[in-house]
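Grab a pencil and open the viewer.

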Amino acid sequence: MRAAVKFMRPLPEPPDEFEILFREQHARIFRTAYRVTGNAVDAEDVLQNVFLRLIRGGETYDIKNNPEAYLQRAAVNASLDLIRGRTRSKSVALADLETEPVGNNSQNPETLQADRELAKLIRTAVARLGEKSAEMFVLRYYEGFENREIAEMLGTTQMVVGVMLHRARARMRKEIGQYLEKHHEA
């Protein structure tokens with residue numbers, strides 16, 4: 001009679017701090033990147049880039065102080081970099097080529113196309129803002145943070161945040177207004 005041989009699997013190692021941080025924060029980083037880029041594939045790329053940079057240790061910021069704020073800022077900046085790079089290289093995102101799902105009859109094709117063009121214009125206009133202005137704009141209007149929270153994240157005052165947001169809104173209004181005037185006349 002043979003003795004039964006049990007194969008024992010090694011116990012999994014406890015997750016390291018990066019894995020724990022990823023599990024806790026990946027959904028937030030993805031949502032942030034998606035709101036900025038407007039594209040799930042780009043949001044995945046941003047998510048990977050943010051954590052790869054963190055793992056490689058090229059960042060000088062001490063993440064232990066406030067990992068949520070650091071990762072939020074990293075996602076915003078990586079998303080804006082991606083949009084800026086695409087604008088310079090004139091490449092077309094796959095999402096820009098996608099059509100609406102079949103059966104979506106809530107809007108006519110012209111309205112859907114105009115909405116896509118306006119969303120792309122807004123993303124491009126945000127990417128044209130200065131680095132700090134774009135970061136503040138995204139944190140305020142895409143992510144819903146209050147000026148006080150943005151000031152804390154960026155190590156500045158509420159007054160500076162308010163002034164920069166005011167200037168960013170004025171610039172966005174000007175750029176988007178020009179687009180709307182052209183298309184309204186047509």
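A residue counts as buried when its relative accessible area is under 20%, as exposed when that area is over 50%, and as partly exposed in between. Keep in mind that this is a predicted model.

**Exercise 1. Get an overview of the chain.**

Task: find out how many helices and strands the protein chain has, and what percentage of its residues count as buried.

Solution: 
- Step 1: count the elements. The protein chain has 8 helices and 0 strands.
- Step 2: read along the sequence. The pattern you get is α-α-α-α-α-α-α-α.
- Step 3: apply the definition of buried. Of the 186 residues in the protein chain, 33% count as buried.
- Step 4: look at the contacts. Take those between residues at least 6 apart in sequence: 67% of them join residues at least 24 apart.

**Exercise 2. Describe how α1 and α2 pack.**

Task: work out at roughly what angle the axes of helix α1 and helix α2 cross, and which residues meet.

Solution: 
- Step 1: locate the helices. Helix α1 covers residues 17–37 and helix α2 covers residues 40–56.
- Step 2: take the geometry. Their axes come within 8 Å and cross at roughly 140°.
- Step 3: name the arrangement. An angle over 145 degrees would count as roughly antiparallel, and 65 to 115 as roughly perpendicular. α1 and α2 are therefore oblique to each other.
- Step 4: α1 passes α2 in a right-handed crossing.
- Step 5: list who meets whom. From α1 the residues include F18, F22, I29 and A33, and from α2 they include A43, V46, L47 and F51.
- Step 6: sort by class. The contact of α1 with α2 has 14 nonpolar, 3 polar and 2 charged residues.

**Exercise 3. Now do it for α6 and α7.**

Task: find the angle at which helix α6 and helix α7 pack, and how the residues of their contact divide by class.

Solution: 
- Step 1: locate the helices. Helix α6 spans residues 131–142 and helix α7 spans residues 147–154.
- Step 2: take the geometry. They pack at an angle of about 135°, and their axes are 10 Å apart.
- Step 3: name it. α6 and α7 are therefore oblique to each other, and their crossing is right-handed.
- Step 4: list the contact. α6 brings K132, E135, M136, L139 and R140, while α7 brings N147, I150, M153 and L154.
- Step 5: sort by class. The residues of this contact divide into 5 nonpolar, 1 polar and 3 charged.

**Exercise 4. Explore the nonpolar cores.**

Task: find which residues in the largest nonpolar core touch the most other members.

Solution: 
- Step 1: In soluble globular proteins, nonpolar side chains tend to be buried together.
- Step 2: The largest nonpolar core has 27 residues, and L80, V126, F137, V138, I150 and M172 touch the most other members.
- Step 3: see where the core comes from. The elements giving two or more residues to this core are α3 (67–89), α5 (109–128), α6, α7 and α8 (158–185).
- Step 4: spot the other one. There is a second, separate core of 15 residues, and V46, L47, A74 and A78 are among them.
- Step 5: zoom in on V126. Leaving out residues up to four places away in sequence, V126 touches L80, R84, A134, F137, V138, Y142 and M172.

Technical notes
Residues are numbered from 1 along each chain as its sequence is written. This is a predicted model: local features need pLDDT of at least 70, side-chain atom pairs count only at pLDDT 80 or more; totals for chains, interfaces and linings use all residues. Side-chain values use heavy atoms; hydrogens and water are left out. Axes are lines fitted to C-alpha atoms, for helices over the stretch in contact, and angles run from 0 to 180 degrees between N-to-C directions. Helices (H or I, at least four residues) and strands (E, at least two) are DSSP runs, numbered from the N terminus. Angles under 35 degrees count as roughly parallel, over 145 as roughly antiparallel, 65 to 115 as roughly perpendicular and the rest as oblique. A crossing is left-handed if the near helix is turned anticlockwise from the far one by less than a right angle, and right-handed if clockwise. Contact means heavy atoms within 4.5 Å. Ala, Val, Leu, Ile, Met, Phe, Trp, Tyr, Cys and Pro count as nonpolar, Asp, Glu, Lys and Arg as charged, and the others, Gly among them, as polar. A nonpolar core is a set of buried Ala, Val, Leu, Ile, Met, Phe, Trp, Tyr and Cys residues joined through side-chain atoms within 4.5 Å. Buried means under 20% relative accessible area, exposed over 50%, partly exposed in between (1.4 Å probe, protein chains only).
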